[in-house]
Amino acid sequence: MLSFESDYIQGAHEKILERLVETNREPLSGYGNDKYCESAKEKIRKACGCEEAEIFFLVGGTQTNMVVISSMLRPYEGVVAAQTGHVSVHEAGAIEHSGHKVLTIPGHEGKMDAEELSTYLKAYWDDVNHEHMVFPGMVYISHPTEYGTLYTEAELTAIAKVCGTYQIPLFLDGARLGYGLMSRETDVTLPVIARHCDVFYIGGTKVGALCGEAVVFPKKNMPPHFMTMVKQKGALLAKGRLLGVQFDTLFTDNLYYRISEHAIVMAEKVKDIFREKDKQFFLDSPTNQQFIILEDAEIERLREHVRFDIWEKYDERRTVVRFATSWATTQEDVESLRALIH
């Protein structure tokens, strides 16, 4: 069946599979202490324009969010996120399960506003009873957001400035980072992110890898004994080479950027298909996720032939749905979708 359900519905890019097979029988040290992990780290440092960055490879997004947040917060601290943020909605309480509350503020098409963040933090510290409350110890954003929207460099700078004022780290969830970096409407690059964030990760699971996320601490600020805490949380992969080989491949010959750009090209074509039929968009997403408002009856007809994600109810007879392209979406997939929609 045709599928635009998500960006991790296929296995891995062929070049990654080739490298995994080629290196399969090499005896290598475990836990990421191998030459491929080191090579991948060097390539990522160069891409970030940040030679002092410390990098650690983890397996998946939820795992990464939980490990990073819980390892950087004190026991009495929580993380501030937009109400629509991934850690607020779609992590099954993983952050709270680690002992840290998610503190929410309004989201605007998925994004956090720097002034509202500043107001929230000021109100907390002005409250004479704040010692009895959960301390806001970190700010979490995702880029792209849950709605495929992007922060501008100015917006990122403003949020980082607020975090600096209150001396709390800024954490950027980059599960779909490649698609944000290659959007036609962005002025944010990896060096920009490295300059403004205290920690971020480069998503591989949704951008061509079998699995894996590269956590980057750009200011040589990895928490002490981070690997021990990772292992304590059951998140340390013994065969760390599997992640190193994948990221080493993704950051060779600009593969990460090239396959991300492909997804954007396919997303623009999907967007055109719905525009041609005068379908209403829920918002204007410049990345690989497109949100369209469809009649419920039309949704049922389409679901017989194509998979897509049901997002949220729009009104009594219409629903917001998501069509996502990826590194693996083909022109044939798009043309088949066009035939269905038309």
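**Questions on a predicted model**

Colleague: Is D253 buried or exposed?
Modeller: Relative accessibility of D253 comes to 62%. Buried means under 20% relative accessible area, exposed over 50% and partly exposed in between (1.4 Å probe, protein chains only). So D253 is exposed.

Colleague: Which pLDDT do local features need?
Modeller: Residues are numbered from 1 along each chain as its sequence is written, and side-chain values use heavy atoms, with hydrogens and water left out. This is a predicted model: totals for chains, interfaces and linings use all residues, side-chain atom pairs count only at pLDDT 80 or more, and local features need pLDDT of at least 70.

Colleague: What is the phi of D253?
Modeller: D253 sits in the loop between α11 (241–250) and α12 (255–276). Helices (H or I, at least four residues) and strands (E, at least two) are DSSP runs, numbered from the N terminus. D253 is not a glycine, yet its phi is positive, about 55°.

Colleague: How far apart are the C-alpha atoms of D253 and Y8?
Modeller: Along the chain, D253 and Y8 are 245 residues apart.

Colleague: Where does E109 lie?
Modeller: E109 has a positive phi, near 50°, and is a residue other than glycine. At 47% relative accessibility, E109 counts as partly exposed. E109 belongs to the loop between β4 (102–105) and α6 (114–126).

Colleague: Which residues does G107 contact, leaving aside its neighbours within four places in sequence?
Modeller: G107 is in the loop between β4 and α6, where its relative accessible area of 29% makes it partly exposed. G107 and T84 are 23 residues apart in sequence, but 6.1 Å apart from C-alpha to C-alpha. Contact means heavy atoms within 4.5 Å. Beyond those neighbours, G107 is in contact with A82, Q83 and T84.

Colleague: Which residues line the largest cavity?
Modeller: T84 and A82 turn up again here. Strand β5 (residues 135–142) gives the most to this lining, with three residues.

Colleague: What volume does the largest cavity have?
Modeller: On a 1 Å grid over the protein atoms alone, a cavity is a set of points where a 1.4 Å probe fits but cannot get out; a pocket is an open set with protein on both sides within 12 Å along at least five of seven lines, and lining residues have an atom within 4 Å of a point. Points are joined across faces, edges and corners, and a volume is the space filled by probe spheres set on them. One cavity of 30 Å³ or more is counted. The largest cavity has a volume of about 60 Å³.

Colleague: Which lining residues of the largest pocket are closest to its centre?
Modeller: The largest pocket has a volume of about 240 Å³. Its lining holds 18 residues. Closest to the centre are G61, H86, A175, Y201 and K206.

Colleague: Which peptide bond to P144 is cis?
Modeller: P144 is in the loop between β5 and α7 (153–166). Omega is near 0° for the bond in question, from H143 to P144.

Colleague: How many residues does the largest nonpolar core have?
Modeller: A nonpolar core is a set of buried Ala, Val, Leu, Ile, Met, Phe, Trp, Tyr and Cys residues joined through side-chain atoms within 4.5 Å. I44, V139, I159, F200 and I202 have the most contacts inside the largest one. I202, for example, touches residues including I44, L177, L190, V216, F247 and F251, not counting residues up to four places away in sequence. The total for this core is 57.

Colleague: Which residues does the second core include?
Modeller: This core is separate and has 25 residues. Among them are L73, V79, Y140 and V230.

Colleague: What is the relative accessible area of L170?
Modeller: L170 lies in strand β6 (residues 170–173). Not counting residues up to four places away in sequence, L170 touches V139, I141, L156, I159, A160, C163, H196, C197, D198 and V199. V89 is 81 residues from L170 in sequence and 19 Å away in space, C-alpha to C-alpha. L170 is buried, with a value of 0%.

Colleague: Is T23 buried or exposed?
Modeller: T23 is in the loop between α1 (14–22) and α2 (35–48). Not counting residues up to four places away in sequence, T23 touches Y36, R241 and V245. Relative accessibility is 3%, so T23 counts as buried.
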